[in-house]
Amino acid sequence: MTWVQAIPILKKLEESGHSAYVVGGAVRDFLLQRPITDVDVASSAAADEVRRIFPKTVQMNNNHETVLLFHNGIQAEVTTLRGRELKEDLQHRDLTINALAMDVHGELIDPTGGQVDLEQGLLRAYDPARSFADDPLRLLRVARFHSELGFAVDPLLKREMTQFAETIATVAKERVVKELWQLLAGSGVQGALSLLCETGVGLYLPGLRLGDVELKKLQTIPSVHWESECRSWAELLVSLRSADALSELPLANKTKQVGQQIWRMYQHRMRAALDDGSLYENGLEVAVLTEEIRKDRGLQALRAADVKAQFDSLPITRRSELAISGKDLLNACQDQPGPWLAEALAFAEYAVVTRQLENKRELLLKAALKEVGRH
Ligand code: ATP
Ligand code: MG
């Protein structure tokens with residue numbers, strides 16, 4: 001996707017008598033020749049006006065000035081300028097490289113010198129103190145772009161980061177999480193972590209205190225870019241050598257669970273080869289990610305294809321493939337359900353996965369009931 005695909009949206013807004021520009025990240029990434037995933041549009045049209053012009057819209061519930069719309073197969077967020085000049089809007093953005101706009105003819109609007117900063121690889125703010133006072137999340141965004149783009153940080157910006165470090169504590173955890181995983185996934189992660197350390201911002205992150213000790217541990221995160229959010233959180237747990245560092249962060253339970261499983265599997269793999277029991281218990285996704293993490297940390301690791309082949313050759317890959325169920329066990333011994341049932345099933349499951357018993361109904365029933373003393 002490129003910003004060009006947003007031109008029909010700009011045209012439609014202009015035809016209705018409004019000004020409209022592509023702004024922010026999409027312009028930056030176009031000039032950097034990086035792929036873009038979303039387009040932001042700034043327009044003089046009010047939100048209800050935008051909804052009137054475009055049939056397919058979704059109102060963003062967190063922001064009444066922004067409308068998400070679908071047009072010509074692309075998705076765009078349209079934000080109203082509310083009577084402000086475009087130039088003023090751009091001056092209120094976080095960094096000069098994000099304060100760029102493009103009109104329908106592809107003409108660049110650059111009131112803060114963002115294009116030169118892009119060429120020189122510099123992270124700079126138009127008015128750093130006001131920028132951080134307006135929205136302290138920008139403290140973390142500086143570090144995120146430092147990691148993602150490898151750009152240098154303007155000394156003045158860095159000085160203000162130090163001044164404002166504590167204010168990051170007031171930002172909603174949900175917003176922090178989005179920037180943080182991208183920071184961890186960038187190829188300049190080490191520099192970004194140093195920046196959090198030098199400016200003190202790491203100390204005040206809501207839900208995850210990153211002091212000198214933690215930031216030093218995190219330096220083991222490899223300088224490799226990845227797209228997966230899960231991978232970022234798992235890298236964090238592995239580096240911090242902790243199973244519960246994510247507990248206070250607002251992440252999906254599945255993400256936290258996968259992170260913990262990877263950390264446990266990683267520890268297990270420090271001592272042993274990949275065994276069927278652990279592969280079955282943790283599943284293919286966790287095993288593949290664990291091997292990737294090992295590889296990027298310079299450890300001997302299995303290729304994804306080999307992990308998959310081993311997984312596919314497991315006698316069973318999930319409990320539902322076991323030849324007996326809890327019901328079968330109950331019927332066979334006419335007893336009341338109780339903890340023994342789970343124990344018997346776990347026994348059968350383990351015996352089949354580790355190839356000590358074949359996955360055959362009669363055989364398993366007998367062995368499992370015997371194991372828990374019920375014949
Ligand atoms: P990416 O989409 O690659 O993660 P982005 O720069 O597009 O990066 P978004 O969060 O999509 O980031 O925001 C789009 C644009 O909105 C930014 O380029 C920037 O101009 C502006 N923006 C976003 N967040 C902030 C913020 N906290 N403070 C000021 N401006 C912001
Ligand atoms: Mg964006």
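This note comments on the domains, salt bridges and cysteines of a predicted model.

1. Domain layout. The assignment divides the protein chain into domain 1 (1–120), domain 2 (121–225), domain 3 (228–314) and domain 4 (320–371). Between the centres of domain 1 and domain 4, taken over C-alpha atoms, the separation is 61 Å.

2. Salt-bridge total. How many salt bridges does the count give? The count comes to 33 salt bridges. Three of these pairs are discussed in the points below.

3. A pair inside one helix. Arg-52 and Glu-49 are joined by a salt bridge, with an N to O distance of 3.1 Å. Both residues belong to helix H3 (residues 47–53), where they stand 3 residues apart, about one turn of the helix. Arg-52 has a relative accessible area of 60%; because this value is over 50%, Arg-52 is classed as exposed.

4. A pair between two loops. A salt bridge also connects the side chains of Glu-65 and Arg-82, at 3.5 Å from N to O. This pair links distant parts of the chain, 17 residues apart. Glu-65 is located in the loop between strand E3 (57–59) and strand E4 (66–71), whereas Arg-82 is located in the loop between strand E5 (74–80) and helix H4 (86–91).

5. A pair between two helices. In the salt bridge of Glu-179 with Arg-141, the closest N and O atoms are 3.1 Å apart. Glu-179 is part of helix H9 (residues 173–185) and Arg-141 is part of helix H7 (residues 137–149), so the contact ties together parts that are 38 residues apart in sequence. Is Glu-179 buried or exposed? Glu-179 has a relative accessible area of 2% and is therefore buried, the cut-off being under 20%.

6. A salt-bridge network. Glu-179 and Arg-141 also take part in one network, formed by salt bridges that share partners.

7. Cysteines. The structure contains 0 disulfides. Cys-230 has a relative accessibility of 18%, and Cys-333 has a relative accessible area of 17%. Both residues count as buried because their values are under 20%.

Conventions: Residues numbered from 1 in each chain as written. Chains lettered and ligands numbered in written order. Predicted model: local features only at pLDDT ≥ 70, side-chain atom pairs only at ≥ 80, totals over all residues. Heavy atoms only, no water. Salt bridge = Lys/Arg side-chain N within 4 Å of Asp/Glu carboxyl O. Helix = DSSP H or I, 4+ residues; strand = E, 2+ residues; numbered from the N terminus. Buried < 20%, exposed > 50% of the residue type's maximum accessible area, 1.4 Å probe, protein only. Disulfide = S-S within 2.5 Å. Domains from an automatic or database assignment.
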